[in-house]
Every structure is written in structure tokens, then in C-alpha cells.
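Biologist: Please take a close look at one strand in this model and the sheet around it. I would like its pairing partners, its surroundings, and how the rest of its chain is laid out.

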Amino acid sequence: MMTSATTLHEDHGHHGPAKGLMRWVLTTNHKDIGTLYLWFAFTMLLIGGSMALIIRLELFQPGMQLIEPEFFNQMTTMHGLVMVFGAIMPAFVGMANWLVPMMVGAPDMALPRMNNLSFWILPFAFGMLILTLFSEAGAPNFGWTFYAPLSTTYAPSSVTYFIFGVHLMGISSIMGAINIIATILNLRAPGMTLMKMPLFVWTWLITAYLLIAVMPVLAGVVTMMLMDIHFGTSFFNAAGGGDPVLFQHVFWFFGHPEVYIMILPAFGIVSQIIPTFARKPLFGYSSMVYATASIAFLSFIVWAHHMFTVGLPLATELFFMYATMLIAIPTGVKVFNWVSTMFNGSMTFETPMLFAVAFVILFTIGGFSGLMLAIAPADFQYHDTYFVVAHFHYVLVPGALFAIIAGVYYWIPKWCGRYYNETLGKWHFWLSFVGVNVTFFPMHFVGLAGMPRRIPDYALQFADFNAVASIGAFIFGLSQILFLYIVIDAIRNGKKATDEVWEGTEGLEWTLPSPAPYHSFSEPPEVK
Amino acid sequence: MLSRTGLRLSSAITALLVSQSTYADWELNMPQGVTQVSQSIYDLHMLILWICVWIGVLVFGVMFYSMYKHRKSKGAKASKFHESLTLELLWTAIPTLILILMAIPATTTLVKMYDSSDAQIDIKITGYQWKWEYDYLGEDVRFFSNLATSKDEIYNKQDKGENYLLEVDREMVIPTGVKVRFLITSSDVIHSWWVPEFAVKKDAVPGYVNESWVNVPVGKEGIYRGQCAELCGVDHGFMPVVVRALSQENYQAWLDDQRAAKVAEAAAAMGDFSYDELMTTGAEVYAGRCAGCHGQSGEGMGTIFPALKGSAIAVGDVDAHIDVVLNGVPGTAMQAFAAQLSDVELAAVITYERNAWDNNTGDTVTPINIIDARK
Amino acid sequence: MSSRPSVAKTAVKHVTIAILMFGFGFAMIPLYDVFCEVTGLNGKVQAAVVKTAMEIDRSRSIKVQLVASNNAEMPWRFSPLQNEIALHPGDWKQVGFWVSNVTDQDMVSQSVPSITPARAARYVKKSECFCFEQQTLASGESKVMNLVFTISPDLPEDIRTVTMVYTLFDATDFATSQVVATSD
């Protein structure tokens, strides 16, 4: 796959890239590293997606047909870990690598060698994690939220590799985040004030701060697990004076900001795309920035809404319920701003715009179910059911993933100098759109009707909607193969792109030639 | 498959038209449940759902309108406006008001749910991998509740029954018209005890006791089913909750029966048992409680669950064998069955293990041996 | 664009933030303990108090339920001597839990207390409790473990029942004394 990506830069400028495999191993170029991140993320998407299809195949009908419950648990766990840490997060980092320097008028990322390292850690981390599937003890089977004591006292021996893997990807993310912060704070072109930065840069700046704030906490919690398992401490073991509920507090203190790490850059991407295709400036730029910042702030004081049924005192439940409900306000502001941007525009619906519009609609549906989940009394019914599964998949698949796909379609002409095939792009969109809704919408129903999540087999009344969801999953999963084809086809045979790419695009990246030269903005541009 | 789903769809629509209450498939919504609390939660759920739907209709309405009207292909010219403080303030203030309106009923409902005072019956619920134990505090009634669905049904060798995966060997029994408090805890990992019709879901955490309560109104006697809701290991999907609500007289009668059965069992344990009787009972107990890990013919499973056929324990010292079954083996997957099985069942299953599958020790373990070992 | 030194500065500053946040993860443990103590979260009563005479509120009687529970790997027999007592707030009571090590090994146990309703936890005062330290029993040994406690007269009027649950864990691996190691 990497070799096909080399053709991305056939048209490079005077300082060309080195040839062969070593170019990719040793590269410190932000565009190369961005490409590596994106291909890595896509590979992980296919691996994690295959796991999802195994899960959906087993759940197609009641009864155990294909796999054993033990392997089913390994699949749900690995699917979550691979998608969250391997697909969505690296895809956003890849986007940031490609775009942030071009958008702020910097020649490269601020710390190019560290950039290389933060990428190359990832294949090892995930290689190790995935190889545990083939070990005798099996892969981690305690869910991606790895609640103690299931993940400590009762864990398979592969938990140690899991912990090591989480440490590696945590270090990678922290390094990536620091790099992005340094690039934005230190390398902006003259005249590029903070409030002139494109929204994608803003959302990534805030995301990067979330990353350096919470990835170390995740590292801390897995370190505590490691010590409990191997060094006889008892952070989470009641027998030695520890507390399993404490695990959940520390985990979700990381976990909730983590959720926003996976959605804020998506907000950024959509805020770039909608104005372009509405041919109208983004409505409420500054309120978008403030809304993003308030969402990030609120994400630190809502973690216990994942723990409403764990037995918290009444006052604590009320506090976390109110705080969580507040998130609806800045999120609403964003949606209203996008709609206002479209209003009275002059719209066309190329593939990136289709995905962006679908993002606005489907993410909002995910937001609505999020608001319902915030209501603590009702959460006693929703918690740990398929309603929750439907909610976070709506936010992460037609949310984060659609935004990433939209971004790829939007910027790929700038990256490769060639357009993708618009007809195929539209096919990809409609198949994905139908597939995603057929998969995840029925999950709301089975969840409300009482189907718990993470079960390999279910009672008969859930059978019909599960069959529907499984069919949808295959439509959605297979249509991503079409995406792969479209991208490769664009790189190889696409129509030459203009420098502007889309009509009336604004922003520094569009002032560069298409494809963007290997070294861009060696001389900082002037920003008015 | 598609055609079958299609058939199901059409039959579901017909069924919905004919009788809405009897058809359980294609269930779309949260159950209203049978208690006051579950009804208030349902109302809250519907209230917020409708608020969301209306906001959605409004926002998406505007969006679809402009997607239709303001298209370049229709000759729309883009206006240049990109700011309006009034609008921004408006769509911050209105949602805030709506949220406050939602928070009020949510708070009252939550306060009601947390008021477990003045319960007349306390039942301690303990989650185990992968079953529930119900202990009626002060009543001397205590038992385990295991999944009753057979492996053959799960592995599609036999037709699935109506309550597939939602049936147990012994149900929890509660009276109607009385506030029953649940004290929920766990013995190993975190579980979650959930009955949707009661809107009771509470995590069972080792070392903690959480409380919850239910008051099933008189007239709502019946069977209510639920499941463990927190991932608790390999058989997380196979530990259902079944509660039978009885009228108060019937509940008292049930309690008396339980106590009488216990006395009868103790008396029976002192009686004589033939080898054949023990082997028959033992085979049943083994199939239900041991075969899951140790295999149908004592062949074991993987490295965690040792074979019993020809094992040092099963053909070795009888007392050591009894000790392992009664008290478990700390630090391994072997549980203590002392509290889970009766003296007769224990004697029978140990006898069975010592004689089945060519173990042929010829030993007969009687309930009296077990009573002695318990001392 | 002579921003190299400031890049280094930015990087160092943010690495420091990351390291501090790693520390914060661990600092959440004592913070959580403080939080629990203040709110009585999940009925964890922390330290022993000195037994002092309080004004006894004879106007009401609190039903105190005593419950014993075993963690899965703990084969000891464990039960309260009385299932339930009545107590006037402020009146000190002594109750016992019978415990017996039926295994053929010497073992160490740790009891973990939990009180419901959680709101009541901060009003429960213990001057003596077997849960304050690990309990060691030789193989076959039995004993009665004591708990001396009262409930403060400040207990809110609407709480009429307090349930005190003790869960017995096998703490042999976490033994603070050497008793087990030497006797094996």
C-alpha cells in the first residue's frame, strides 16, 4: 500500500523525496508522515471493520453459530481499541500533519524528527496488540473500557501486552499533540493571528491540549493496572485496600475528553467544507471557536455520566447530569452555525459536501441520543444497552469517520494533484449513508427494548432488528472497499486538479500548486 | 435470509395492526414497566425524545429548505452574511431554557429513585461469574439462580424456547404491594442487575453494596425478565434475571415452602441413598453445573479447566475431593460449591465424578459425608 | 521565522504538562479518598474514632442490619451473630461476627465495609472494628470478631434503617504481618 502512495508525489519540486522504502522509514516531511498516518489509519479501519463484521455475523441470528463467546469478547474489545486508537485518532493526526503546516503557512511541523518517531511507534504498538489474538491466552477480552477487576485479577495474560501497547500509542499521541501545538503556536506565517486561523487548525489546537491533558492519565491508569497485576499493589483490588470504582473514575476522566478528541477535529473539517460548497463564509467563526473551547472544558467535568448506575450518591449524580446537559448548548451552537452557513448560500453537492451534510444530520442524531443518555434517571434504562452502542456509533461513524472521509475527498486533489471520480464518490456516499443507518438505527430499538451490549447471543425478541443491523453492516463495510478503489484510482488516473481545486476556496493551502510541492512555504507567505 | 426478513416484516406489520400488545418482535421503545418509577422514567424518556424530535424537525427543516432552495443549479446567489450576535444569543438562550425544563422532572424522578427508606423486605443480590444469588435477609432463605436454557438450544441443536436465554432454574420471588429493597453486590467482577420492567439497574461491585428498590403494584403479579448488563467475562450474555411477583399471601406460602423444603432436604440427607440414586442425581448435577468447564465426559477444556477423567483429585483421596468441591481452589476458576448445592447434590455429584468415565473408584459419597465435611 | 528556540520552549513546556498530568492520574487516588470521606461515598467509613459518650437520642430507634458477605475466593464461613439490632443514635453498641477458617491452610482476611444508604455512612462512628486490620486465622480456627460502633444523633430523621455490610476478602497475598509466611 505504501508503494502505491509514493505516486502521490510524482510532481514534486526541486528538493524531491528520497527513493524507495527508506524514504518512508526515515522521512521527516510532514506530507510524507501525513500520508503514512492516513494509510495506517485506513489499514486499521479495515482490520477493525473486519472484526465488526465477525461480530455482526455472529449476531445475525440468535444462537451461537460462528464463534465462541470467549472469542466474541476478544472481538468487541479489539474492535473498540483498533477503531479508537488505530483508525480514528491516527487519521486525524494524519490530516493535521498534511494540513496544519499548509494552513498556517509553515514549512513543516515544528519537530520533524519527533514526528517521524511518533508515527513509527504506532505499527509496533498495534502489531503487538493484534498478535495477541494468536497467542494461547487469546487477546484482551475485557472490553475497550477494561474495567477492573475483569482486566486485572481476572484478565488473560495478554493484558500485559495490551498495557504496553496502550503506553506506546499514548506516547505517540502525546508527541504528536506537542508537535501540533508547537507548529501552531510558533510557526504561523506573519499576519496569521490566532483568530484568522482556519477552524480545522483551531479545533486541532484544542484537541492537542486535550490529548496532552488526558493521555498521561490513561498511561497512569494502565500503569496502576500493571502494578496490581505484577507488583502486588492494590490500586483496584478491594482485598488490599483498593477500589474497583476508582478505576472507573480515573478511566473516564481520560475517557470523556477522549471522546471529544475524536470529534473536535471532525467539527474542524466540516467547518472547512461547508463554506466552500455553500460559497459563503462560515457563519459565526468566533462563536465556533468559543463553542469548541467550552466543549473541551466541559469534557473534564462530566466523566461520571458513564457511571450513573455504579452507585454514586444522589448529589454527585445530579451534578454530573446537569454538567452533561450543558454540553448540548455549545454543540447546538455549532449545528446552528453550520445550518446558517448553508442558508442563502449557493450550494453544490460534490462528494465532500454530501459527507459533510450527512455528518451534520447524523452527528446531530447522535447528539440527541447523547442528551437522552445525560438524563440520569432515564440512563438507568439506557445504560449498557444497545441504545448506547447506537449513540456512540452515530457520533463516531457518521460523525468522526464521515468527516474524515469528507476531508479526504476534499483535499485529495490538493494532496495528489488529481480529482477522484465524482460518480464513484457519489456511489460511495450513498452506499455508506444507507449502510450506516441500516446498521445503527435499529440498535436504538433493540437497546430500548432491553438488549444489553457486549453479549454474543440474545433473546428471541431482538432477532429481527439484529438481522437488519447485520445486513447494514455488510453494506457499509463492503462500500469502504469502493473507497479504497476510488482513492487509488484518483492517485493513478485522476483528472488533473487546478490549484484552486474547488470554486472559490479560501485558505493558504489552496494558494499552493496542486499537488502541493514536497516543500511548501519555505518562505513564509504574507497573510493580510 | 432477506426474504425471511421480509416475511417477518410483513407479518410484524400485520401483527401490529391486529394486536399491539401480544407481539413482542420489532419492539421499538422502552417498556413502560409496571412500577411508578418505571412509568416516570418512561414519561421522561418520551418527553425528551419528543423535544429532540421537534428540535430536529426545526433544524433539519431549515437545512433541507436551504439545500433545496439555495442550490447553485437553481441559480441561487450566495449572500455574504456571516455573523449575527442576536441569533447567537438566541440559540444559546433558548436551548438553555429547554434544558432547565428537562432538568426539573429529571431531578424529581431521580430523588424518588434514591429513596429506598421504609422497605419491608430486604434481598441481598450477589453477582457471580455467571449467576445470581438471592439472600432474603432475616428469612433464612438463600439460593442461586442459574441460566436454564440448555447448551443444545444455544448451539442450535434444538429449537429455542419462548424465553430463550431469559429463563432460570430458580426465580427470585417478591410480593406485590410492598416495597422491596435490593442490596446488590458482587463476589468477583462487576456485574449489573437489571429488570427493564422495574427500571431497576444497579451495578454489582465487589466490596460495595449498592441499593435499589421496587414496589410492584397489586394486580401486577407476573414474571419479569432481565439480564446482566455489565460485561463480566465469557458468559456475560448467559446470566439472566427472572423475578416472579406474587400476591402477599402467595409470597408467604412460597417462603414457608422454601423453609419446609430446606428442613425436608436436611432430613433426607440423613437417610440412605443407593449408589444408583446418587449416580443418577449426580449425572444431572454434573451436566448442569460442572460440564460447562470440565466437559461433558470430564475431558476438561483448555489449560484453565482440568480434565476430571482420571484426574488425581477424582480418583485420589475422597476427603480431598470433597474439600475441592465444597471450598473451591483459591486463585483458580474452581468455585466453592458449599453454598450453591445441597448436601444430597454434592454427595451425588462427587460420587458421579468418582465413578463415571472409567474413573471406577467404586466410592460412594453419602450426604452424611458432606455434612461431616462441612463441620 | 527565527522561531527554533521558542519551538523548543513550547515543547518543553508541554512535555512538562504531560508529565504533571501523569502525576495527576496518581494524585486522583488520595483525592478520591478525601472525596469519599467527605461524602461518605459508598459507605466507606475510614478511621477509628475514640469512643466518647454522646447524648443519646432516645426519641427514635434505628434498625441496624448486619450482613456478612464472602468474596468468591474466600472459603471461610462468615456470619453476624445477630442479623439485626435496634439502636438509639448516640448509644454505643458492640456486635460480633463469627468467622471460621475451614480450609487446610492458614489464611489472612480483610473485611471491606459498605454502608447503605450511603448518606448514612458519615454518621456511623466505629471505635473498634475487625475491618480496621487484617485478620489471620490458622487452619480450622474460628473466632468472633468485634465491632463497636454508634450512629451519631445528627443522623437525618428520614433514615430509619442502616445496613452495614462486610465483605470478606482473601488477603493472604497482601498480608502485612509475617504470620502466614512463617507458619507455612
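Modeller: In chain C, strand β5 (residues 107–116) runs antiparallel to β9(C), and eight bridges join the two. The model is a predicted one. One residue pair that places the two strands against each other is Ser114(C) with its bridge partner in β9(C), Val165(C). Strand β1 (residues 62–70) of chain C also pairs with β9(C) over eight bridges, but in the parallel sense. Here Ser69(C) has Thr167(C) of β9(C) as its bridge partner.

These pairings belong to an open sheet of five strands in chain C, ordered β3-β1-β9-β5-β7, with mixed pairing. The edges are β3 (84–87) and β7 (135–137) of chain C, each of which pairs on one side only. On average, neighbouring strands in this sheet are turned by 30° against each other, direction ignored.

As for burial, strand β9 of chain C spans residues 161–170, and nine of its ten residues are buried, so the strand is largely enclosed by the rest of the structure. For the chain as a whole, 40% of the 184 residues of chain C are buried. In a regular strand, side chains alternate between the two faces of the sheet.

The layout of the chain gives the context. Chain C has two helices and nine strands. Read from the N terminus, the elements of chain C follow the order α-β-β-β-β-β-β-β-β-β-α. Chain C is divided into domain 1 (1–39) and domain 2 (47–183). Taken over C-alpha atoms, the centres of these two domains of chain C are 40 Å apart. Of the contacts in chain C with a separation of 6 or more, 76% join residues 24 or more positions apart.

To put the strand back in its place: β9(C) sits between β1 and β5 in the sheet order of chain C. The β1(C) pairing is parallel, whereas the β5(C) pairing is antiparallel.

Note on methods
Residues numbered from 1 in each chain as written. Chains lettered and ligands numbered in written order. Predicted model: local features only at pLDDT ≥ 70, side-chain atom pairs only at ≥ 80, totals over all residues. Domains from an automatic or database assignment. Buried ≥ 20, exposed ≤ 12 C-beta atoms within 10 Å, placed from the backbone. Helix = DSSP H or I, 4+ residues; strand = E, 2+ residues; numbered from the N terminus. Pairing = 2+ DSSP bridges. Contact = placed C-beta atoms within 7 Å. Axes fitted to C-alpha atoms, helices over the stretch in contact; angles between N-to-C directions.
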